[in-house]
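Reader: I have not seen this structure before. Please take me through it by question and answer.

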Amino acid sequence: MIIKIEDVSLWRGSKFLLKNVNWQIEEGEQWAIMGLNGSGKTTLLNMINGYLFPSSGNVEVLGKTFGHYDLRELRKLIGWVSTAIQERFYLNESALDIVISGKEAVIGLFDEPSRHDILVASDLLEQLGCIDYAHRPYQTLSQGEKQKVLIARALMAKPRLLILDEPCTGLDLFAREQLLRYIDKLSRQSEAPALIYVTHRTEEILPVFDKVLLMKDGGVFAAGRRNDLMTEELMNEFLEAPVSLEYKDRRHWMNLIAFPE
Ligand SMILES: Nc1ncnc2c1ncn2[C@@H]1O[C@H](COP(=O)(O)OP(=O)(O)OP(=O)(O)O)[C@@H](O)[C@H]1O
Ligand SMILES: [Mg+2]
């Protein structure tokens, strides 16, 4: 079992951020998460990473139950890529150093990196098509370039679980397809980490994501097989608006038909 979330609720004052969430990820499953702004996706991911503690219920991640393990050790097993992380880096560090620092899941490099670490990090940058700017300061990179460096960084620790929270934000049409191709390739590698992919765009949910979690108002609206959930009927109900869903190139493309008044 990769993740087991049982009856989890989280409240702040009288406001529920998460409400009776039940969700399980089994070994070998790849999940996509969708839900409107404020539906609780990032809150749920923060809980999986141990940055938030449930007000009630149980969270088990990679076989460890909350409150009974060293969070720092667990975080090394989880790679987390989100644009929110970008501001936390030393902006003058090179892309390569930022990737290397991912090995210990810390911000900043304190020791001289080993030859081996430099080779592994360079190889990851090469795979992601970033090797040309390995020695450039992070702050000089474009949004898409930064995003790819962060993915390389997350992979440096060889995580068992890789969480991608809207990784295509700010990417142009080509950069997005390039990144999606890489994610597809990564998912097919032997010893690939379990993936959680958060997005607002159905077409980013690649065929490899066989499972989908739909979040609404802090709760689970539906969880199950992608092909069962990706129907116009269910999406209309989920979004409370008429949408069309076209299946093309093994991906679902969604459009709003009318704006709900
Ligand atoms: N500490 C807090 N106190 C009060 N409300 C909070 C707190 N943290 C988050 N929220 C609220 O919880 C809700 C869920 O936030 P969350 O960031 O999980 O949404 P999300 O699904 O990731 O949305 P988005 O698609 O915009 O990223 C939001 O309404 C947010 O304002
Ligand atoms: Mg979010």
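Reader: What share of the contacts in the protein with a separation of 6 or more comes from residues 24 or more positions apart?

Author: This is a predicted model. Two residues are in contact if their C-beta atoms lie within 7 Å. Among the contacts with a separation of 6 or more, residues 24 or more positions apart account for 62%.

Reader: Which radius of gyration does the protein have, and what would a compact globule have?

Author: The C-alpha atoms fill a box of roughly 55 × 45 × 35 Å along the principal axes. For 261 residues a compact globule would have a radius of gyration near 18 Å, which agrees with the value for the protein, 19 Å.

Reader: Which strands are the edge strands of the open sheet of 6 strands?

Author: The order in this sheet is β6-β7-β8-β3-β9-β10, and the pairing is mixed. An edge strand pairs on one side only, and that holds for β6 (78-82) and β10 (219-225).

Reader: In which sense do β9 and β10 pair, parallel or antiparallel?

Author: Strands of a sheet pair through backbone hydrogen bonds, in either sense. Val212 stands opposite Gly224 in β10. Strand β9, residues 211-216, pairs with β10 over 6 bridges, and the sense is antiparallel.

Reader: Which element gives the largest share of the shell around ligand 1?

Author: The residues around ligand 1 include Arg12, Lys15, Gly38, Lys41, Thr42 and Thr43. Two or more residues each come from β2 (15-25) and α1 (41-48). By class, the shell has 1 nonpolar, 7 polar and 3 charged residues. The largest share, 3 residues, comes from α1.

Key: Residues are numbered from 1 along each chain as its sequence is written. Chains are lettered from A and ligands numbered from 1 in the order in which they are written. This is a predicted model: local features need pLDDT of at least 70, side-chain atom pairs count only at pLDDT 80 or more; totals for chains, interfaces and linings use all residues. A residue is near a molecule or strand if its C-beta atom, placed from the backbone, lies within 6 Å of it. Helices (H or I, at least four residues) and strands (E, at least two) are DSSP runs, numbered from the N terminus. Ala, Val, Leu, Ile, Met, Phe, Trp, Tyr, Cys and Pro count as nonpolar, Asp, Glu, Lys and Arg as charged, and the others, Gly among them, as polar. The radius of gyration is taken over C-alpha atoms; the globule rule is 2.2 Å times the number of residues to the power 0.38. Two strands pair if DSSP finds at least two bridges between them.
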